[in-house]
Amino acid sequence: MSVRHGVSSGASRDLPPELGPDAVGVLEGRTFMFSDAAGNVPKGSIGGLVHDDTRFLNQWVLTIDDAPLLVLSSGTVDAYSAAFFLANGDLPHLPANRVGVRRQRFVGDGLYERVELRYFGTEPTSIQLRLAVGTDFADLFEIKGSGRDRTPDIIRQDGPDGSALGFHYRNGSYAASVSVEADPPADLIEGDALVWNLRLERGQQWGCELSVPLRCGGEDRRPVVRGFGEAFDHGPEDPSTRWGTEKPRLHAETDLLRDVYHRSAIDLVSMRLEKTIAGEPVVLLSAGLPWFLTAFGRDTLITAYQTMTCGSEVARGALIVLARHQATVFDDFTDQEPGKIFHEYRSGELSRLGIKPYRPYYGGADTTALWLILLSEYWRWTRDATLVRRLRGNAEAALRWIDHHGDRDGDGYVEYATRSTQGLGNQCWRDSPDGVQYADGTIPVLPIATCETQGYTYDAKLRVAELADGPWDDPALARRLRAEAAQLRERFNRDYWIPERGGYYAIGLDGDKRPIDSMTSNMGHLLWSGIVPDDRAGQLARHLMSPEMFSGWGVRTLSTLDVGYNPIGYHVGTVWPHDNSIIAAGLARYGYREEANRIAMAMLEASQHSDHRLPEAFSGYDRSFGRQPVPYPTACNPQAWASGAPLLFLRTMLGLEPGEDHLLADAHVPVELGRVGLHGVPVAGRRWSVDATGSDFRISSVD
């Protein structure tokens, strides 16, 4: 029996504007801080210092004589640092711009901030510098909505000499603490504010260092005292250090490609998650700032795929961590079924205490097939038979989930419908409540079998057959999987194809097995998977590059001819870089290299308007609408699979694929980029270089 969608759950992606359009966000691993342009976090805003899904500071406001400071300039310096140049406002005894203020902020295992004052007045003056601080220990899910008032349970503790303010909270087995340490100590503590009474002479400088260590999950976290440009030193054997330092070197004639590549690499390293699994240190990537600095099955797996030319460390980490949490039982609250790979993992109070279903939550219909695809991709690039054999049991469990629990009604397709009271209604990458809809804008009934999930499943079975023929040495399994994939391909092309509108694929089948007839970018994912017959690929390419789908900055998620189209609708008209990177790879797979390059160049050009960083999504307005892409108002920035998109575009332009023990290439570099060289690409324990201009290329061994 089909049903209507449940309520969308998870951390909402909406970002209220109360911090202003110039809000500044910095991040490092699982820590981030959002403030306004002055560096302040007003109480009651969505800003603050967040670590491991808990907000440790919800107020952080610097004033002079209780008056707000004027913003001269502010912004990020590195992903984990920011600078704020400020001045005093007009005060009764002091004209504006007489006291210059610089705040230098660094996050990572807490917060470290330097505040420096310089006085330019002609006569000595006395001012009061106040830092108002506060905490609510809110769970990430509560920051943008109403949550429990924890004030009665927060214990406050002051340092006797004004050097520290401490806050402690406990709820059952969950405990968290934060302190603000000041050097020099404050002259007095008033409520939850540190206050310095300063007497300044002309030209005098004054400075203070503020450290905010944390305790959560039974671990103490202390920020490192740093300066701008000083990256974390994790040692040469750290997986993230290896990934960052050993990535291939890019040589390009255009600054555009170099700048985007460099920015993507920096952002990806900043979003790393470091884990220890059975004594083995691993690194994987979180999904994005601000609300998704955690492991997301789909996002983490696709980002690892996008970045394979830069090394296998993040892919290895993703495979190991997600396999470690592969479901083994049924649980309605978490949408858990044996063999399923999780969708989202959270560590805040509500998840730890079982109030929210995110430790972890399994509401993703596509993550299990994507895990199998990444396992194959890891094998192709590394030939690491040891890990692939070690994960065979997980792969076989994933296949069983696809064939049994994923196929809810035995029709040969993987469907989704939440069983959780707090589950996601849509469990594909278009997971907003209206992300999957008919061309007339109506919402389909559950369960839904989206088209790209079937494409991923088809690809996964062919890839696992390759593993069965190779490191697993199981030819019978390989034959079975290839036969199943062939049957799925035939069945899919019969049931999902819509001959109207020039011929295209439905986004899915609804709970009554009716094709959901909206025209979406998901067609490009089908090309990437290889499930599309050659004689239909041209029709998809024409649709994807039509004015209704291609905005000039990229392919829209939904055709402008569909009733539900909205250029600022999250999944119904926006342009997503990760989506476009998959589409371009799919087009290139079928020989549509010019179309793939057109998408890649549009995305690279779009990045010029956002400091060479691709955000989670752009608005879907046509390129003629303005000289730059219109930002999507609540996009994660940076976001992992958006940062990974340029790396997949580069791979697609160069036509890079791993051979058994060497690098393969089939370059088709856009003329605008001139000569492009990528040096040190790892394949099977060796490193290779490729230099290309247009369709001319040369491959050489670095070793």
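Guide: A definition to begin with: two strands pair if DSSP finds at least two bridges between them. Please also keep in mind that this is a predicted model.

Visitor: How many bridges link β6 and β7, and in which sense do they pair?
Guide: Strand β6, residues 70-78, pairs with β7 over seven bridges, in the antiparallel sense. One of the bridge partners is Leu86 in β7, which stands against Val71.

Visitor: What joins β6 to β7?
Guide: A hairpin does, passing through two residues.

Visitor: How many residues of β7 are buried?
Guide: Six of the seven are buried, so the strand, residues 81-87, is mostly covered, where buried means under 20% relative accessible area.

Visitor: How many bridges join β22 to β25?
Guide: Two bridges join β22 to β25, residues 508-509. In one of them, Thr450 has Gly508 as its partner in β25.

Visitor: Now helices. What span should α4 have, and what is the distance between its ends?
Guide: Helix α4, residues 313-324, has 12 residues, and at 1.5 Å a residue it should span 16 Å. The C-alpha atoms at its ends are 17 Å apart, which agrees.

Visitor: Is α4 mostly covered or mostly uncovered?
Guide: It is mostly covered, with nine of its 12 residues buried. Among them are Val314, Leu319, Ile320 and Leu322.

Visitor: Where does Thr421 lie, and is it buried or exposed?
Guide: Thr421 lies in the loop between α8 (392-405) and β22 (449-450). Its relative accessible area is 74%, so Thr421 is exposed. From Asp187 it is 234 residues away in sequence and 52 Å away in space, C-alpha to C-alpha.

Visitor: On to voids: how many cavities of 30 Å³ or more does a search of the whole structure find?
Guide: The search finds five. The largest cavity holds about 70 Å³ of space.

Visitor: What lines the largest cavity?
Guide: There are 13 lining residues, and Glu337, Lys340, Arg408, Glu415 and Gln427 lie nearest its centre. By class, the lining has four nonpolar, three polar and six charged residues.

Visitor: And how many salt bridges are there?
Guide: The count comes to 54. One of the salt bridges brings together the side chains of Asp474 and Arg392, at 2.6 Å from N to O. Asp474 is in the loop between α9 (451-469) and α10 (475-495) and Arg392 is in helix α8, so the pair ties together parts that are 82 residues apart in sequence. Asp474 is partly exposed, with a relative accessible area of 22%.

Visitor: What is the partner of Asp691?
Guide: Asp691 forms a salt bridge with Arg698, and their closest N and O atoms are 3.9 Å apart. Asp691 is buried, at a relative accessible area of 11%.

Visitor: Which residues are linked in a network of salt bridges?
Guide: Arg30, Asp52, Asp53, Glu344, Arg346 and Arg352 are linked in that way.

Note on methods:
Residues are numbered from 1 along each chain as its sequence is written. This is a predicted model: local features need pLDDT of at least 70, side-chain atom pairs count only at pLDDT 80 or more; totals for chains, interfaces and linings use all residues. Side-chain values use heavy atoms; hydrogens and water are left out. Buried means under 20% relative accessible area, exposed over 50%, partly exposed in between (1.4 Å probe, protein chains only). Helices (H or I, at least four residues) and strands (E, at least two) are DSSP runs, numbered from the N terminus. The expected span of a helix is 1.5 Å times one less than its number of residues. On a 1 Å grid over the protein atoms alone, a cavity is a set of points where a 1.4 Å probe fits but cannot get out, and a pocket is an open set with protein on both sides within 12 Å along at least five of seven lines; lining residues have an atom within 4 Å of a point. Grid points are joined across faces, edges and corners, and a volume is the space filled by probe spheres set on the points. Ala, Val, Leu, Ile, Met, Phe, Trp, Tyr, Cys and Pro count as nonpolar, Asp, Glu, Lys and Arg as charged, and the others, Gly among them, as polar. A salt bridge is a side-chain nitrogen of Lys or Arg within 4 Å of a carboxyl oxygen of Asp or Glu.
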